[in-house]
Structures are given as structure tokens and as C-alpha cells.
Amino acid sequence: MLRGICIVRPASVAEALRMCADLGPEGRPIAGGTDVLVEWRRRPAPGLTLVDLSRLDDLRGVREADGALWIGALTPHEDLARSPLVHEHATALAEACGEVGSVQIRNRGTIGGNVANASPCADGLTALVALGAEAEVASARGTRRLAVEDLVERPYRTGLAPDELILAFRVPGQGKGRSAFVKLGRRGALAIARINAGCVVEVAGDRVARCLLAVGSVMPRTQRVREAEDAVVGAPPTGETAARAGDVVARRMVEVSGVRWSTPYKEPAVRAVVERVLMRAMGRSDA
Amino acid sequence: MIGERDKNRPWLLGRPEPRVDGLGKVTGEARFADDLDEVGQVWGVVLRAAHPHARIVSLDVEAARVAPGVVAVLTARDIPGNPLVGGVIQDQPVLASDRVRMLGDGVALVAAETEEEARDALALIRVAYEPLPVVTDPREALRPDSPLVHDRGNLVVHHVVRHGDPAVGFECAHRVYERSYATPRIEHAYLEPECVLARPTEGGGVEVVGSIQNLFSTRRAVASVLGVPLNRVRIRHAVLGGSFGGKDDVMTVMACRAALLARATGRPVKMVNTREESMLESYKRHPYFLDYRVGVDRDGNLCAMRIEIVADAGAYASMSPFVTYRSVVQAAGPYRCPHVWTDVRAAYTNNPYTGAMRGFGSPQVNFAIECLMDEIAEDQGLDPLTYRRRVVFRDGDITPTGQRLTGHRVSLDEVLARIGAASGFVDRWWRYRAAREAPGQVRRGIGLACSYRGVSLGAEGVDAAATFVQVQPDGSVIVSSGVTDMGQGAQTAVAQCAAEVLGVPLDRVVFLNTDTSRIPDSGPTVASRGTIMGGSAAAEAAAQVRARMLEVAADLLREPAKNLTIRDGVVCRAPSENVPSRLTFADLAAECFRRGVALAALGWFQSPRTSWHEETGQGIAYFTYVYGANVAEVEVDCGTGRVRVVEFWSVHDCGRVVNRQGATGQVHGGVAMGLGYGLLEEFEVERGVPKALNFDEYLIPTAMDMPRMHVEFVESPDPAGRLGQKSLGEPTNEIAAPAIVNAIANATGRRIRQIPATLEQVLIGRRLTREGPRGSEAARGAAASCKVRTEG
């Protein structure tokens, strides 16, 4: 039962920002609803007004702009998973979005919602962080840009002000770098990630010249693991290098998250997932 | 009567005819229980317990009674008849009066004009509890110092089998295996949650329509709770969205509650469980703890078995006495062994109660014995297939209950030969075994499991069923049966049996949903008995009508009736060639109607005799058996513990196949459920509180988890079935998990003795359990991971 839901539906981005400004903490933006409505059923919040963003077609789509990829926040996962542009320039994101939920959920759920929900196991979020993406955030007060990695503060909490909306993401060009994403779930679909990992690896000669590596469901928030990146850069693009990075991530996980009920499993598993995602980006394996 | 000739040459049986109820389901015309509404209906909701075990100190419903929209509030005191229900042991209150024993217990009922008003009123009911000590491990529950769930003690039932003398048998043992296994509590996970619509009828009675599996059990309980005769209670069957054994007791309780509200308000009452309510209240498959001690002689023969099993019955007996009966009969597997002693105990706990679920006491024991047989085979230096073929039952062998397997073909060796050939088992098993040490993290494995299974109820009790066949004056046919359809295809199977004998195409047959006031009590639709019992009764009824019609045809065609038969809607001249005449079934039906011939008959089919001696566990446990084997091929990711089942072979001898498409569908569904049992599913309960109440956390397999399926049937027509048919629904489900787990062992060299074989179990060899709420709940500041409705 969804009782007492109050909903407003802005027709333009400007109107949406105005509504969010007016509602302040009493407003809750809703895009595909795949998180907001599930949460609402669990804990109805009749005091809130939902701001339905689904008519803001300007915020949907993917295009190349200034050597980067512009991705509208309302683009559904399925569109990203099927986009040739995303496959070419942000492989990790296409792969991540293709692993979200089921086709039905992928057609409703949006990349902006995936980030704004700030779940530690969000797949799209991990890919964007790994790709070094920026978010374009706006309110009636103005627009700002910040790294997606810095948007999430803690589980299910972003640094967005109540009147702010994510309008779009900007994924920088990766040059010669290749990106990849690996998700470990309990089943073949409709699985929340036990662990996910995304990375970019650029090889120059016989060495790794650049590496970005992000993991989800491993630490309280999705983030890059710079110690592991450092272990990879300058090393040869081999299985040993990838395995070493896996060890570093496993160690960081325990340092940051402490020993939890799942640690005896996650320690070896995160090693394997990180190793695998790096190998894929190195073009060493299609595992 | 049907001649041997017809029996041996079915014209319609076995064909992959479309389901008679298929079109309605895909077009949306089918009406499920929640699609039904009645003018003037009120909504009924249940206040459930706030503790898994507590004394009710006081119960105050006054505020709820005067809340907006509320029409009635009922408690245990308002029950006019017997306050207890239970199919075997009457120990479950329709509403708790002085004590709650599990969180799913109902304490009070509210009926209101709208669902919202009814649910709001629940919050106004004040219940004061005095919590009692909770017992959740059935092994602890059987200790003398355990808290008592019921005053008569925690032991629900204790079945034994005493066959030979294991003390003597173990003396011949060259090697003795002692192994312990554990299987999980699992949810039926039917798509449609429970729903009923009850309406008061004249003379103090009620009519209830709903998603009810066993209409006659429900009728017995409703009549007893209301204190009215059976003929005043009419239970009708809505189209069911799945049951798998799960819509028995829980529906009976819901129907009783709706009936009480309908009598109290004088208005129709609708009740629908949310998914959370469904998962909280409904019974589950029994978790088992199994200890096996098996002796093997120098030649690899099984010389003795000592098996001890404890089952968690949860708070109420439900079907525990019968579920454990099947376990005690089949615990030793389909293998020759002269000395078998088995003990199965079921114990009350404060967990959700457990009862019937597809398999019914077999998936647990099959998991244990099939994993153990694999280990023995490997130690014998043999592959699991070759070893099993040396020791499986053959014609005339004696089971651990002392039953000689005669009167049907004991086809297990043929089943094994077929599955071995289809899957290339032996070659692959050795190849994958040798490749365990090869580089790479992903390994392949192949695993086998097989079973024998007693057909229908066996010595549990009376076993008979009715089907009513009516030929209309235009040659169309109406079939109704005491056997119900919950999606498993009983309508099609029973109708196809009738159509086979009548000689009409299946599209001329309409099957009516079951109605307890229009068909005799046919027992429950359980134990894979629908096709053999309902189908045999249909054949019996159709044979009566056909015999009368052929007398008229004989007169019209001037040919002795014994030379005539009916095929595909046309009367044919037999015996040598089936030459069609010009007389159609429709014209013949019209002529019969004109002549006043009775075109309707009730078929009654009673099963062959069974017997059981309680003290020794010896007797004819079931009147016949079916045989089956599964082979699973898996990929195991040794880096993460992730297992993918990539290929699956199922071979079953279910007697004569009635509908090939339906039979194949049963196998696909049974394997899917077995895959969940082996790899994913566990309904976790912590101190009596379920940890997940929806499908976001209770994971069942999706289509993306299904392997490529290969299904074959060995058809040995069984004289026990009127048309040679037997059982299939449960055999398909009971051996998938051990086949998968054996495949994991083939891939990794490590044996898993506790299912589900989760990521953690496969990678680090043990289960890990989250304590407290999951991360998302904790982060959002919720108190508990599941929303158990509490008072106030």
C-alpha cells in the first residue's frame, strides 16, 4: 500500500530545480523509482513530496562532448548497456549497467538514481568512480561539478543539498586506456553485488602507465583504492601484478571496514574479483 | 471396461497437447483468488504474535472495535466450535488464546470496510505478553531440560525402520562411513500469496473460494471450527498461482478465520496476505539433521546402515508425522542393504512450523544418501554411475521396510544406463576429476544422483479419489475431479485421461475447478497423486460412459460393440484395423441423449493395499514406486565460490507419460526448485525471528540460473495406474541438489555436507551468517531486518 503519496511533476529542469528549492528537505526526487518506491513501502514517509523527474527528457541520453562522454542522469541502465558509444568509451559502465537487476529494472532505473541512492553495492556507481567521472549538480542557486567519488559520503548518503539534483555525468576520454567491470552476485540476475570492481588500465610498452581501480560492497562507500593503483602503475601488465593489487585491496578492506561477519569470505573473494577485473582491462583474459 | 488392446495402444496419451487452462492464463482471463470481489465485502486482517514464545497476559480489543470502518474484531473467545486445527494432530489454534508459539501465530482478527482501515485498527489492539524461553534447535528441543512448546512434550513423532540387525551387518564391514548432513528450512515461494473470499450462507454455513490446495482438508477444519456439518461448508477452488505443497494448513487457517469473520459480520470477507505476512506465517520445508553410519564390505556391497535423523517441526505438527514417514521409508536410498535401522524424530520448536513441500521428506534424505554413495564409489575406485549400477534395486529386491519390489518394473538400472549414455557421464567424471589440478580458477564437474520414490500416500492413510465425467448432447465433455490444479497441470492430465478413454480430442473437454459440494472427498492433492488417482478415476468414469455409448453405436452401425472403439472423435471399427465409420462422437452423443442413455458417470479409484507396522517399520510402505536420476554439470569459480549449473540431464520412469509437454515442464520446474535448494535457498531464523520476509533477500533461482535441460522418460506402464501412469511432480525435485553438490565435489575434490552450497560454503567450506540487520537497514536506522508487526 502506498498511501498518502504526494507527487509533483515538473516539465523542465528549471521547474524541477525551483520545486526542489521550494520543498527543501520535504522533497524527494524520484526518477525510475526502483529504489525510492521500495524504500517507501518499507518505511512510508507521508510528509515527503516526490518530485517526479521522469518528464525531463533533456536529462536523458549519451553524447560525445569535448573528448568526453556526456551522460544524462535520467538515462536508464538498459540504454547505457546497449549504447555503442558507452561500450567504446566507457566499457566498464556499459558492463556494469548490463548487470543491474533485470531487464525490467534496467529499463526503469537510471544512472543518476543509482548514484544518488548511494548504496555501497551500486554497480553503476562503481563503474563511474573507476572511470574518474564527474557529476554535474545543480540547484536554483547554481551549478557545480564534482568527482562522483566525492559525491558519496557514507552508505546511502550523498553530499547533495536537499535542493540539488544530479543533471548529468561527464566521463573523461580514456586515451589508450581500457576499462572493465566485474560483478560477483549470488545468482545470474536480480542479484545485489556481493562485490563489484571497475577499473581503467592503460599500458605503455611493457608497463602499466595508468590505472584507476574502484570497488563496491567492500568498504562503507564505493571508492578508488589508490594503494592498489600504485602497486599496478609501473609494473608489467601480468597476472602477478593483478594478484598483487588484489592483495592490497583485501588488506585495505580489512583496515577500513574492520573484521565483519563476511570478512572470512570477502578477503579471498575480493582478491579474485580485483585480479579478474584488472586482467580483463589488460586484455589478458576474457574471464 | 477398457480392453488390454486399448490400454496398450493409447492414441492421445503421451502427446504434448496444449494445457486446457493455458490460454486463460496467458490472456489474463483466468481468475485468481485476488481477482474475485463481492459486493458488500469487508477486509479481514490478522494481528500476529510479537514474540516467538510468550504467554498472553491480556488482550484488549476495545479501541480497535470502535475504530473507523471496523465491522468486527474477533479473538479466540469468539470461536463457536473447535478452536484447534491440524491435519494429523490437532494442535494449532486458529487464534492463540493464552499462548503464542511462533511469530506467525494469529492473536486477533479485524474486519473493516477497507484494507487500510482494517490495518490501522490492528495497531489499536493492546496485547500484553510474558515472554517464555525459546527453543529453536530441534535437537535441543528433545533434551529433557528443554523449554516445552506444547505441554505434551516436544516430540511430535518418532518413526523407525528395523530391518535386519546392523550389529551383525557392521561385522562384515571393510570400511565404515560416519557422516553428518544438514539441510535448510526453505520457503515454497509460490508466486501468488494466500487469498480467500468467504461468504455466509443459509443455515449457519459458509462458502469459501480461494487459493486452496487441499479443499477437503480445509472443509473439515472450517466445519469443525464453526461447529456445523460438512454439507454446510462449501469450499471452491480459484485458479491457483502455485502451491508446491504450500497452500495446505496455512490456507486452512486463513479459510477458518475468514469463515469466522463472515459468520460474525454477515458479510463477504476477503483476506489477502502480503508477501511479508505470507513468508512469516506460512509453513516451510523441514530442516533436517542427518547422521549416517554405513558399512561397506570388501566387494563394495552395502552391508549395514544406521541412520538417525532429527527434523525441525516448528511450532505445530502440521504434516510432520507424514513427512517423516516418507523419510524413514526412503532414507537408505534405492540400494540393496540387508541391515538397515533408521530413526526419524520430529521435534517442536518456536520456529515457523514446517509441513508439506514438494518432495515431502525425500529431498533431505536423498541429499544425504546420494552424497554418501558418491564418496563410497570414489573410494571403491569406481565412478559414481558404475558403482550405483552394482548396488541399486532390481526386480524382486527387498526394501528396508521388508517390501518385495514386484508387480511393476524396477527400472532404475535402465534409468541410470540412459542418463549415463545421454550425459557421457563416466568419461566426463574421470576427465574433470583429473583436471582438478590444472591451472585456471574455473573448474568443471559432473555429478549424479538417483532415487526411488513411493507413489501417492502409501500407508499414511485412505487413498481414493473421484472424477466426474459428463458428455454433453453435442459431444463436448465436462470433467470435474476431487484432484485440484495449482498450476501443476492436473486439469490437463486428468482431462487427457478422460479424453483418451472417451476417444475425443482434448479441445472438446472443459475441466471445472474443484468444488467440495459437487464432488466426493478425494483426499488431498499431494504426494504426486493427481495423475495416478484423479487420472485413474477419470479413466474409470469415461469407461462407464463409453461402454454405454458403444452399445448405441453398435445398434446404429450393426456391429458388435466389442468390435468398436472411438478415436479422435470418430467411432472406429476394431479390432484389427481402426477403420473410421461415418459416426462421429458428437452424433453418437446426440443419439444417446435422445434415447435417454446416462451420459455421465462418477469414477472412483481406490489405490491398491498398503500396510505398516509402527513398532518395526516393516510393511508395504507404498503400493508402487517410481525411479529417476539426475546429472548436473557445473562450473565452479574457485576464486569466488560461484557455481553455475551449465547442463542438466533428468531421466524419469513415471510410468506411462500422460502429457509429454506437461511432464517436461514438471521436470524443468522441479530442477529449478532443486537448484535453489542446493545452491541458494535458506529461510534463516534467528531466535525464532525470520531474517528475511521478501524475495529481495530470500533468493530463488531466476531463468538466468537455469542450465540447458535434457529430459528423457523411460516409460514402464504400471498396472497400479488405470492407464499405466504413475507420478512425476516430486521425483523431479528431490535429487537435483545432490547431483549439483556431487558435481561440485567432482570439480573441486571437496565435499559439502550442508546445503545450500552458497558462495561462502564453496569457497571457505562453511556458512557465514550476518548478525543483526543488513547494511542498508542499519544505515537507515531501522531496528530489525524484518517488519514483524508488534502490538501498539
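Analyst: Helices (H or I, at least four residues) and strands (E, at least two) are DSSP runs numbered from the N terminus. This is a predicted model, where local features need pLDDT of at least 70, side-chain atom pairs count only at pLDDT 80 or more, and totals for chains, interfaces and linings use all residues. Residues are numbered from 1 along each chain as its sequence is written, while chains are lettered from A and ligands numbered from 1 in the order in which they are written.

User: Is the peptide bond from B:Ile755 to B:Pro756 cis or trans?
Analyst: Cis, with omega near 5 degrees. Most peptide bonds are trans.

User: Where is B:Phe360, and what's its phi?
Analyst: B:Phe360 is in the loop between strand E17 (340-348) and helix H11 (362-379) of chain B. Its phi is positive, near 55 degrees, and it isn't a glycine.

User: Buried or exposed, that B:Phe360?
Analyst: B:Phe360 is buried, with 26 other C-beta atoms within 10 Å. Buried means 20 or more other C-beta atoms within 10 Å of the residue's own, exposed means 12 or fewer, and partly exposed is in between, with C-beta atoms placed from the backbone.

User: Switching to chain A: how many helices and strands?
Analyst: Twelve helices and 14 strands.

User: And how much of chain A is buried?
Analyst: 52% of its 287 residues. The C-alpha trace of chain A spans about 55 × 45 × 30 Å along its principal axes.
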